[in-house]
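Please look over the model shown below before reading the points that follow.

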Amino acid sequence: MAFAWWPCLILALLSSLAAPGFPRSPSRPLGKRSLLEGVVNGIEVYSTKISCKVTSRFAHNVVTTRAVNRADTAKEVSFDVELPKTAFVTNFTLTIDGVTYPGNVKEKEVAKKQYEKAVSQGKTAGLVKASGRKLEKFTVSVNVAAGSKVTFELTYEELLKRHKGKYEMYLKVQPKQLVKHFEIEADIYEPQGISTLDAEASFITNDLLGSALTKSFSGKKGHVSFKPSMDQQRSCPTCTDSLLNGNFIITYDVNRESPANVQIVNGYFVHFFAPQGLPVVPKSVVFVIDISGSMHGRKMEQTKDALLKILDDMKELDYLNFILFSGDVTTWKDDLVQATPENIQEARIFVKNIHDQGMTNINDGLMRAINMLNKAREEQRVPERSTSIVIMLTDGDANIGESRPEKIQENVRNAIGGKFPLYNLGFGNNLNYNFLESMALENHGLARRIYEDSDANLQLQGFYEEVATPLLTSVELEYPENAIQDLTQNAYQHFYDGSEIVVAGRLLDEDMNNFKADVKGHGATNDLTFTEEVTPEKIILGNGAAQSTLSWLDTVTITQDGLSVTINRKKNMVVSFGDGVTFVVVLHQVWKKHPVHQDFLGFYVVDSHRMSAQTHGLLGQFFHPFDFKVSDIHRGSDPTKPDATMVVKNHRLTVTRGSQKDYRKDVSFGTKVACWFVHNNGEGLIDGVHSNYIIPELF
């Protein structure tokens with residue numbers, strides 16, 4: 001079987017360890033004993049934990065399995081982990097009797113060669129290879145002496161993608177035997193706030209799942225825990241084998257007060273973009289279907305079932321056509337037709353009568369579709385504000401006409417000219433999937449395997465649903481020139497409903513106070529621009545060693561140990577504690593090009609009557625009344641702001657009339673009130689000088 005290599009890191013190799021002879025601590029046989037539950041072939045796997053930490057859609061996962069050899073002789077212990085194909089391994093270690101042996105994670109080509117060499121020399125090595133639709137399998141085995149313990153720990157990471165409106169963490173659960181301590185623990189932190197959180201398991205009934213599963217979310221944090229007892233793991237009440245064999249899936253989404261969200265950490269930024277509520281852009285879609293002899297039977301019937309369901313979901317403003325290729329190329333209609341009820345009914349009859357025949361002429365099938373879309377656009381047969389899509393399904397390699405993959409790619413690339421995407425669906429395993437994927441990617445699309453299974457028609461329908469609702473076309477994300485470097489892809493052919501565009505980059509100036517991010521795209525009715533003002537100022541809440549980092553772009557409430565902190569996006573932060581004591585910290589933003597003034601924070605006490613008479617400090621000394629007198633009001637340097645003389649604390653001060661906002665009654669917008677401003681940082685009004693109140697830290 002051919003390996004499906006990961007794009008980056010695939011091999012964990014412990015090249016210094018020979019399997020038969022690990023250094024180990026002296027151990028003694030455990031002697032004769034009755035068979036323990038959870039012991040298979042002398043090996044007890046007594047603990048398995050999957051720990052998932054998700055921050056801003058990025059998942060850091062650690063799989064830890066602990067086992068002990070209960071037998072009187074050395075035994076081989078295997079460690080299998082199935083990982084999402086989009087993940088990458090970052091670390092692997094073996095710990096035997098307290099001694100840890102680190103693994104070396106290698107690039108794919110180097111990894112393959114070193115793996116084969118290590119195996120031939122009897123050394124311990126692990127390799128990742130294909131395992132089903134969404135997974136890759138990591139496998140490693142090691143000999144363990146009688147009575148010895150071994151710990152396997154694998155770390156992998158993954159950027160979660162938004163799919164049909166949700167982010168998905170896909171975990172394979174397959175311990176193969178009862179495990180005394182089995183646990184999946186997931187902690188999710190999303191600065192935008194979590195809107196939904198759910199978890200499901202394919203291998204356990206809802207009743208059993210409910211008793212072993214806990215899930216909760218509030219504000220920015222979510223938590224999922226799955227801890228089945230040994231009894232809950234049994235395949236039947238008296239069985240000694242495990243029913244834990246299937247998929248554990250965690251899904252969630254975030255709050256979206258605005259279409260975009262930008263987060264800045266340590267001089268890097270990531271820009272998430274997912275607008276909602278936009279009208280759907282009409283599309284012209286041509287389905288290019290392989291009807292060669294290899295599609296005979298079940299594959300052809302499933303393809304037809306899927307196409308019939310897709311026709312039901314077509315919108316009346318869409319245009320469509322079918323192109324069938326075998327040795328020859330045939331079309332349903334000579335040109336694109338609108339998806340009216342009458343045309344859809346006629347299309348259903350056409351699809352039902354499709355049958356397999358002949359060879360596989362991929363080149364001519366694709367070229368016919370591309371030329372048809374180009375012609376429709378040039379002759380204005382389709383709406384100006386619409387988009388074009390080619391979806392091809394094939395189950396084999398080109399074997400008639402132009403059959404050279406590189407030439408087909410060149411022909412397709414030149415014909416499309418970057419104007420619209422190509423999506424390639426590969427049915428089954430007997431095809432050059434790398435060719436299909438490469439051709440799709442260089443034409444702004446993607447490739448997808450359709451697995452030969454009972455749900456193949458649902459796989460086809462599911463893919464169509466992903467691209468059925470374009471909301472924007474020609475999407476570009478723009479950032480200030482000379483301010484950003486190491487930018488990831490920032491131009492996209494389409495944005496589809498339920499998905500998300502993610503762009504990351506590095507700030508040239510880590511201390512820059514703000515920058516503007518613009519997203520431009522063509523919508524169904526007009527061109528749209530979304531602007532996000534990015535400010536990296538942080539709000540750090542500390543509680544001993546634990547810290548939470550927030551920003552003025554957040555809207556969130558955090559409550560803990562009698563303290564409540566509420567951040568109102570770009571406005572203020574309200575802090576309450578104890579018996580109703582409340583402060584308001586306001587973000588005062590000034591004109592960005594002001595030559596002198598800068599953004600500043602205002603600290604306001606909403607209910608100072610709750611402060612004791614002994615309270616002092618820069619603000620505390622004004623919590624209680626004191627005597628002052630204002631006289632000699634006269635014209636000042638600013639004609640609109642008179643000056644006066646204030647007598648306070650035996651000092652005669654020059655003060656200026658102005659206005660300020662009082663936030664005690666309205667914490668969002670404040671109330672404008674008249675007041676006197678004291679010059680020179682309050683000299684003469686405050687006790688001492690202002691620098692007396694500046695300290696490096698509070699504790």
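**Notes on the model**

1. Glu168 stands opposite Thr251 in strand 18. Strands here are DSSP runs of E with at least two residues, helices are runs of H or I with at least four residues, and both are numbered from the N terminus. The model is predicted: local features need pLDDT of at least 70, side-chain atom pairs count only at pLDDT 80 or more, and totals for chains, interfaces and linings use all residues. Residues are numbered from 1 along each chain as its sequence is written, and side-chain values use heavy atoms, with hydrogens and water left out.

2. Strand 13 (residues 166-173) and strand 18 (residues 246-254) run antiparallel and are joined by seven bridges. Two strands count as paired if DSSP finds at least two bridges between them. The open sheet has four strands in the order 12-13-18-15, with antiparallel pairing.

3. Thr155 belongs to strand 11 (residues 149-159). Its relative accessible area is 7%, so Thr155 is buried. Buried means under 20% relative accessible area, exposed over 50%, and partly exposed in between (1.4 Å probe, protein chains only). Leaving aside residues up to four places away in sequence, Thr155 touches His60, Asn61, Val62, Phe88, Val89, Thr90 and Asn91; contact means heavy atoms within 4.5 Å.

4. How many disulfides does the structure hold? There is one, a disulfide being a pair of cysteine sulfur atoms within 2.5 Å. Cys236 is joined to Cys239, with S to S at 1.8 Å. The torsion about this S-S bond is about 95°, so the disulfide is right-handed. Cys236 has 25% relative accessibility and therefore counts as partly exposed, while Cys52, at 0%, counts as buried.

5. The axes of helix 4 (residues 298-313) and helix 5 (residues 341-352) come within 10 Å and cross at roughly 175°. Axes are lines fitted to C-alpha atoms, for helices over the stretch in contact, and angles run from 0 to 180 degrees between N-to-C directions. Helix 4 and helix 5 are therefore roughly antiparallel, a term used for angles over 145 degrees.

6. In the contact between these helices, Lys304, Leu307, Leu308, Leu311 and Asp312 of helix 4 meet Ile344, Ala347, Arg348, Val351 and Lys352 of helix 5. The contact residues divide into six nonpolar, no polar and four charged. Ala, Val, Leu, Ile, Met, Phe, Trp, Tyr, Cys and Pro count as nonpolar, Asp, Glu, Lys and Arg as charged, and the others, Gly among them, as polar.

Terms used
Parallel < 35°, antiparallel > 145°, perpendicular 65-115°, else oblique.
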